[in-house]
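Please look at the sequence and the structure below.

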Amino acid sequence: MRTPSLTLSPPKPVPPSLSLTRRNLLLTMSLSIPCAHLSVTSPSHSRGLFRMPPPRLVNRYFLVRSGESTFERAGVIRTNPVSKTSVDSGLSVDGLRQTARAALELKRLGACEDDCWIWPSITQRSYQAAEIIASVNEVNHIRIVPEYSFLDARGLGSFEGRGLATLSEVYASDEISADIKPPAINDGTPNESVADVFVRVTQLMSILETQYFGDTVIIVSPDSDNLSILQAGLIGLDLRRHSSLYFSPGEVRLVDPASIPEYKQPASAVFRCVNPPSCK
């Protein structure tokens, strides 16, 4: 007796609308997510982006110029990074006194009452100043964060080794354009324009505003230009006028966000600017 053969019919094709392809699976999953959970964060509200002048600051800042160095005591300009950790780049006797007064001023202002971070350049006088500030304000040394490049003294090119009185020539050029660099020199000393320093200090502020929140940060610079250019950027002042914010050795200033004024055009057409602080 023959066994009837079993005929198998081919499977019916699955309609394209029901095929479980990766594309359809992802589409199905995306449709199952409630729209209310989808949000787009504006780049301008990201903490990682920092622009000058800032719409707000998330930390409190004190700007401090270290006391006078041995080179400055001798009346000599020294901005070559090679010498920044040398003994002669350290604090002079007067510089030690100036720094001690700065540390006491910070204590009077309550800068470190709830603890603080101290960010000095690794230039000898700045780091010495940071140690004095930490000691007077009873700050643990682990809160001293040395900065290796963004706070280097402004490189003044061929002015290296000349008298401090010649700084007036540099500032006269700065008032013409923030892009003018001091003449170059072949000994390795950088020749930085105001705009070059502005980039450095803006990068520093971007790091600080991203790394900390609700903290107090004391920035210790070996020279005035880092701080005057930074302050000009923070308040939206034409960078060509940064020297009007000159910091004396050992000077302390609080950056109070509430005190940052709305920029007003100066009466002189020389400094007229439509996009402060970057004015061309």
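**From surface to core**

The protein exposes about 15600 Å², and carbon and sulfur atoms supply 58% of this area. Accessible areas come from the Shrake-Rupley method with a 1.4 Å probe, and for residues only the protein chains shown count as cover. This is a predicted model, in which local features need pLDDT of at least 70 and side-chain atom pairs count only at pLDDT 80 or more, while totals for chains, interfaces and linings use all residues. Residues are numbered from 1 along each chain as its sequence is written, and side-chain values use heavy atoms, with hydrogens and water left out.

Seven helices and four strands make up the elements of the protein. Helices (H or I, at least four residues) and strands (E, at least two) are DSSP runs, numbered from the N terminus. From that end on, their order is α-β-α-α-β-α-α-α-β-α-β. Among contacts (heavy atoms within 4.5 Å) with a separation of 6 or more, 77% join residues 24 or more positions apart.

Of the 280 residues, 44% count as buried. Buried means under 20% relative accessible area, exposed over 50%, and partly exposed in between (1.4 Å probe, protein chains only).

In soluble globular proteins, nonpolar side chains tend to be buried together. A nonpolar core is a set of buried Ala, Val, Leu, Ile, Met, Phe, Trp, Tyr and Cys residues joined through side-chain atoms within 4.5 Å. The largest such core here has 29 residues, and those with the most contacts inside it are Tyr61, Met205, Leu208, Ile219, Leu230 and Leu234. Two or more residues come from each of strand S1 (60–65), helix H6 (194–211), strand S3 (216–221) and helix H7 (224–235). H6 gives the most, with seven residues. Leaving aside residues up to four places away in sequence, Tyr61 touches Met205, Leu208, Glu209, Val217, Ile219, Arg253, Leu254 and Val255. A second, separate core of 18 residues includes Val64, Ala102, Leu106 and Ile218.

Helix H5 (residues 167–176) has the buried residues Leu167, Val170, Tyr171 and Asp174. Seen down the axis of H5, these fall within an arc of 95° (taken from the directions from the helix axis to the C-beta atoms), so they line one face of the helix. Their cover includes H6 and H7.

Finally, there is one disulfide, a pair of cysteine sulfur atoms within 2.5 Å. Cys112 and Cys116 form this bond, with their sulfur atoms 2.1 Å apart. The torsion about the S-S bond is about 75°, so the disulfide is right-handed. Cys112 is buried, with a relative accessible area of 10%, and Cys116 is also buried, at 1%.
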